[in-house]
Structure formats: structure tokens, C-alpha cells
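Here is a short briefing to read alongside the sequence and the 3D view. Please keep both open as you go through the points.

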Amino acid sequence: MAKKVSKSDITGKQKAAILLISLGPEYSAQIFKHLSNEEIEELTLEIANMRKVSPEEKEKVLEEFHDVCLAQEYISEGGINYAKDVLEKALGSQKAMDIINKLTASLQVKPFDFARKADPKQLLNFIQNEHPQTIALILAYLSDSQSAQILSALPQEKQSEVAQRIAIMERTSPEVIREVELVLEQKLSSLVNQDYTSAGGIQSIVDILNSVDRGTEKNIMDTLEIQDVELAEEIKKRMFVFEDIITLDSTSIQRFIRDIDNKELAVALKGATDEVADIIYANMSKRMAEMIKEDMDFMGPVRLKDVEESQQKIVNIIRKLEEAGEIIISRGGGDEIIV
């Protein structure tokens with residue numbers, strides 16, 4: 001039976017239904033794309049049962065939605081305290097607290113939230129001279145691409161130490177995180193979950209290493225294999241590197257070859273082991289193999305950096321194909337010249 005909305009007992013689900021009705025079918029359809037099937041079913045049922053929405057109730061819901069969106073934007077810009085200050089000036093203390101409380105009831109603000117919006121080069125200036133443990137903590141909370149850029153820019157002797165500390169990091173107390181946040185940036189919110197916050201670990205450093213340049217990756221892994229063999233092996237088990245091409249089946253090798261420019265492949269093979277080169281040649285036509293070898297002879301000596309970049313591009317293509325489910329991979333573990 002259709003029901004009339006009552007101002008006194010309106011639920012969160014009813015508010016969502018009113019909002020979708022107010023936005024119209026086109027925008028509502030876009031929102032549905034981001035919801036689960038269960039949420040869509042519940043909201044569809046709520047909308048179907050809603051017989052009448054008064055203009056006052058519609059205006060109230062839209063106003064509340066607008067205020068919450070503003071609050072979330074302010075939190076993203078400067079944290080909870082910043083959002084509270086701005087909202088108090090605009091809406092008054094009571095209404096500001098009502099909005100903040102609604103958000104924080106389900107909102108988990110991640111540490112170093114402002115840093116994830118910063119340029120990695122600027123962050124590097126802040127943290128490059130910090131203790132490796134401090135750098136590791138910060139990188140564990142940044143995006144993989146940010147962490148990869150910063151890790152690559154650190155001195156080589158520091159790269160492996162930071163990588164190792166990220167890998168063995170498990171849980172860090174809120175007090176330590178707050179202290180590092182405040183040192184890194186005064187504007188950063190000090191709000192942190194009261195439970196111990198998980199960050200770092202093997203998968204964290206694997207994700208970062210999967211994004212760094214080939215030279216940085218090799219330097220870190222070579223050093224870790226000396227300093228901590230077990231850790232290095234555990235990391236390698238979860239990574240896919242250029243040399244792991246020998247673990248791919250023929251179908252997978254033929255698949256990634258189709259997506260690689262011949263000249264890029266020729267540069268990569270300049271620094272490849274015989275085992276990797278042989279298995280790649282074995283999975284292409286005789287004519288294509290001859291063309292690749294001719295390109296390699298014609299280009300002459302190439303910089304190691306260029307070889308590593310080409311190899312990394314190939315690895316990235318393989319990883320993307322794996323993510324897309326097109327191939328399956330088994331994970332195992334200066335300007336030098338390659339003639």
C-alpha cells in the first residue's frame with residue numbers, strides 16, 4: 001500500500017528515495033550504477049510505496065543533502081575540525097554539529113588524507129630527510145602511484161630500507177599517526193580511529209613496487225635479497241617481474257605480444273636473459289622474430305635505463321591483461337650500456 005511521508009518519522013531510506021525522486025530519472029539512473037543490487041531493490045520499493053512528497057519535505061531533504069555534500073568537501077579539504085569551523089560560521093554551531101555527527105557515524109577519515117591530494121614531488125621535499133620508519137608509515141597510507149614516485153626518488157641506500165619497513169609494518173597506534181601527521185602538515189586533521197589502524201605489510205610494498213620504475217625495483221629487491229632473504233622471497237611470490245615471463249604459458253605470451261610495439265619489444269629484449277628471449281621468440285612467427293632481431297641489430301647499443309623502461313612497459317601490459325582476466329600468471333619468486 002502506498003504511504004504518505006510523515007515529517008516526524010522519516011527514515012534515511014525514505015530520504016534517499018525522496019532525493020532520487022527530486023533528482024529525476026536521468027540522474028537517479030546514474031546514482032543506481034554505484035549501488036548494489038540489494039540497495040537498488042530496497043530504494044525502488046521505497047520509491048514505489050511513496051505516494052506523496054510535500055514541497056516542504058522535498059526542500060528539507062535537498063537542503064540536508066546539500067549540507068552533507070558541503071561537509072564532505074570541507075573534510076576532504078582540511079579534515080573534520082576544518083569542516084566544523086566552516087559549517088559553524090555558515091550554519092551555526094548546533095546545525096554544524098548535527099551534520100558532522102551524521103557523517104562521522106559512518107565515515108572513516110583515513111590518515112594523511114590531505115597528502116593523497118598533494119604532488120609527490122612536494123611530499124618528497126617534506127619527508128626525504130625523515131627517518132626511514134617515518135617515510136615508510138607515510139608511504140603506506142598514500143596511493144600506490146604516489147608512493148612509487150617518492151620511493152623512486154629516494155637515495156638508493158634508503159629505498160630498500162623504507163621498502164623493508166613497509167613490508168614488515170602491521171599496525172600503528174593512533175598516537176604515532178597523529179604525531180607524524182602534525183609534523184608533516186599542520187592543516188591535516190588529527191582525527192584518527194581509536195582502534196589501531198592497519199597499514200603496510202607485504203601486499204602494500206608489492207603494490208608500490210609494481211608501480212615503481214624497473215631500476216628502483218631491481219635495486220630494492222637486490223638489497224633485500226642480501227638483508228632479508230625470506231622477506232625478499234615472500235615479496236617476489238606476489239610480484240610479476242620481467243624475468244617471470246618464462247613462467248607464462250604459450251597462450252599468455254602470444255596474447256601480450258599482440259599488445260606490444262615491435263620496437264619496444266626489441267629494446268626490452270636487448271637486456272633480456274637468453275631464457276626469456278628464447279621463450280618470447282618461440283611464441284611468435286619466424287618472420288616476426290627475424291624482424292625483431294633486425295631491429296635490435298640496427299639500433300646498436302642502448303642505455304640500460306631505456307631497456308628497463310621498455311621491460312617495465314611490457315610488465316605493465318601483462319599485469320593489465322591479468323587484471324582483465326585475459327591471462328593467468330604464476331607468481332614466483334647510472335647509464336650503463338647494453339650492447
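**A charge over a ring**

K293 sits over the face of Y281, 4.6 Å from the centre of the ring. Please bear in mind that this is a predicted model. As for pairs between aromatic rings, the structure holds zero of them.

**Helix α1 and what follows**

- Helix α1 covers residues 12-23, which makes 12 residues.
- From first C-alpha to last, α1 reaches 17 Å, close to the 16 Å expected at 1.5 Å a residue.
- Which residues of α1 are buried? They are Q14, A17, I18, L19 and L20.
- Just after α1 comes G24, which takes a positive phi of about 95°.

**How α16 and α19 pack**

- Two packed helices are described by the angle between their axes and by the distance between those axes.
- Helix α16 (residues 262-270) packs with helix α19 (residues 304-323) at an angle of about 120°, and their axes are 8 Å apart.
- That angle makes α16 oblique to α19, because the perpendicular class runs from 65 to 115 degrees and the antiparallel class begins over 145.
- The crossing of α16 and α19 is left-handed.

- Is helix α12 (residues 202-209) largely enclosed or exposed? Six of its eight residues are buried, so α12 is largely enclosed by the rest of the structure.
- The buried residues of α12 are I202, S204, I205, V206, I208 and L209.
- S204, which lies in α12, has a relative accessible area of 14%. S204 therefore counts as buried, since the cut-off is under 20%.

**Pairs that involve S204**

- Y141 is placed in helix α8 (residues 132-141), and Y141 is buried, with a relative accessible area of 9%.
- Y141 and S204 are 63 residues apart along the chain, and their C-alpha atoms are separated by 9.2 Å.
- S204 also has a listed distance to I235: the two are 31 residues apart in sequence and 9.9 Å apart in space, C-alpha to C-alpha.

- A167 has its place in helix α10, which spans residues 156-168.
- Is A167 buried or exposed? At 6% relative accessibility, A167 counts as buried.
- How far apart in space are A167 and G201, C-alpha to C-alpha? The distance is 4.2 Å, while the two are 34 residues apart in sequence.

**D119 in a loop**

- D119 belongs to the loop between α6 (93-104) and α7 (120-127).
- With 37% relative accessibility, D119 counts as partly exposed, because that class lies between the 20% limit for buried and the 50% limit for exposed.
- D119 and I150 are 31 residues apart in sequence, with a C-alpha to C-alpha distance of 10.0 Å.

Methods. Residues numbered from 1 in each chain as written. Predicted model: local features only at pLDDT ≥ 70, side-chain atom pairs only at ≥ 80, totals over all residues. Heavy atoms only, no water. Phe/Tyr/Trp six-rings, centres within 6.5 Å; stacked < 30°, edge-to-face > 60°. Lys NZ or Arg CZ within 6 Å of the ring centre and 35° of its normal. Helix = DSSP H or I, 4+ residues; strand = E, 2+ residues; numbered from the N terminus. Expected span 1.5 Å × (residues − 1). Buried < 20%, exposed > 50% of the residue type's maximum accessible area, 1.4 Å probe, protein only. Axes fitted to C-alpha atoms, helices over the stretch in contact; angles between N-to-C directions. Parallel < 35°, antiparallel > 145°, perpendicular 65-115°, else oblique. Left-handed = near helix turned anticlockwise from the far one by under 90°.
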